[in-house]
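Subject: Structure handover

Hello,

Here is the structure for your files. My notes on it follow below.

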Amino acid sequence: MKPVAVAVLGRGVVDPDSPVIAADDSALARGQAAFETLRVYGGRAFGIDEHLARLRASAARMELPDVAREDLEALAHQALAASGLQDAALRFYWTGGRDGARTATALATVTPIPDDLETLRARGIRVVSLDLGIDHAARARSPWLLGGVKSTSYAVHVAALAEARRRGADDAVLLASDGMVLEGATSNVWWVAGERIRTPGLELGILAGVTRSHLLRLGRDLGYTMEEGAWPLDDVLAATEVFLSSSVREVIGAVAVDGRTVGDGHPGPVAMALQAALRSEATRGA
Ligand SMILES: Cc1ncc(COP(=O)(O)O)c(C=O)c1O
């Protein structure tokens, strides 16, 4: 979606249609850049501390030149003020900069929340499982695979989404080659097994979702037993509820996995309770 406002380090607010990345920037040449997406509620960027910490950790793993936290916060303020939006998606991009320059390129963009999101949440989405082709321990064993790093090298995730759509689904759940469940293409995945709510553990090299960490806490507060670990797809196929989480989409129920209906074919009560708790926390004081 086209940003309504863009702010660039060293330039301030720019026309959202103007170019912001040079032809020799590492983001373009190598797909080497860190990014973050978070949601703004009533003018407040929810979880900004966690997102900025993850952005810094991603940049460090890719050995990108430093950007000061105050500069990132200033970019966010500038872009949000220029957008005039109170509810929006805020993105940060932090690239390795121009070839040989040793200076990062950093920018913040603001885009509206997709119009069809609440319709999708009410209806629920259809997901398919797709093999990522590496075993569940590979990303922990081989740090250069950049497990847990939110980099702009998302072509594989976009291709997985395209494959999911070709198969008549809305989204993909990525599996390790040994069948273990990892994460969504752009989300974390959860399911309800009996009395327990399960989500893959961070030791699998998945992204440590900010929403995921909020949901683990909120779920416990609501009295659920929250479990992190490694489970095969069969555990998800046997679940009474399946849902995805991410900052913009929050909690979104899956009503079919690989063509099999989940529960009664509607988003379930656990997903709805967690969504309500998350939204309430995000909008408190907003
Ligand atoms: C691969 C992947 N996993 C998980 C998430 C969810 O992370 P968060 O809740 O911080 O948005 C995302 C978000 O884009 C993602 O791309």
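Helices (H or I, at least four residues) and strands (E, at least two) are DSSP runs, numbered from the N terminus. This is a predicted model: local features need pLDDT of at least 70, side-chain atom pairs count only at pLDDT 80 or more, and totals for chains, interfaces and linings use all residues. Residues are numbered from 1 along each chain as its sequence is written, and side-chain values use heavy atoms, with hydrogens and water left out.

The chain as a whole

The protein chain has nine helices and 15 strands. Its radius of gyration is 19 Å, close to the 19 Å that the globule rule gives for 286 residues, so the chain is as compact as a globular protein of that length. That radius is taken over C-alpha atoms, and the rule is 2.2 Å times the number of residues to the power 0.38. Along its principal axes, the C-alpha trace spans about 55 × 45 × 35 Å.

Of the 286 residues, 52% count as buried. Buried means under 20% relative accessible area, exposed over 50%, and partly exposed in between (1.4 Å probe, protein chains only). The accessible surface of the chain is about 12900 Å², and carbon and sulfur atoms hold 53% of it. These areas come from the Shrake-Rupley method with a 1.4 Å probe; for residues, only the protein chains shown count as cover.

Contact means heavy atoms within 4.5 Å. Among contacts in the chain with a separation of 6 or more, 70% are between residues 24 or more positions apart.

Two strands pair if DSSP finds at least two bridges between them. On that basis six strands form an open, antiparallel sheet in the order β2-β1-β6-β5-β3-β4. Its edge strands are β2 and β4 (44–45), each of which pairs on one side only.

Strand β1 (residues 5–8) is covered on both faces. Ala-5 and Ala-7 are buried on one side, and Val-6 and Val-8 on the other. β1 and β2 form a hairpin with three residues between them, and Gly-10 in the turn has a positive phi of about 85°.

Strand β14 (residues 250–257) is mostly covered, with eight of its eight residues buried.

- β7 (residues 125–131) is parallel to β14 and joined by three bridges. Val-127 stands opposite Val-257.
- β13 (residues 241–246) is antiparallel to β14, over five bridges. Val-242 stands opposite Ala-254, and the two strands form a hairpin with three residues between them.
- β15 (residues 260–261) is antiparallel to β14, over two bridges. Ala-256 has Thr-261 as its bridge partner. This hairpin has two residues between the strands, and Asp-258 takes a positive phi near 50°.

Ser-187 sits in the loop between β9 (181–184) and β10 (188–193). Its relative accessible area is 8%, so Ser-187 is buried. Apart from neighbours within four places in sequence, Ser-187 is in contact with Leu-244, Ser-245, Ser-246 and Arg-249.

Glu-63 is in the loop between α2 (48–61) and α3 (69–83). Glu-63 has a positive phi of about 55° although it is not a glycine. With a relative accessible area of 72%, this residue is exposed.

Leu-146 is in the loop between α5 (138–141) and α6 (155–166). Its phi is near 60°, a positive value in a residue other than glycine. At 27% relative accessibility, Leu-146 counts as partly exposed.

Regards
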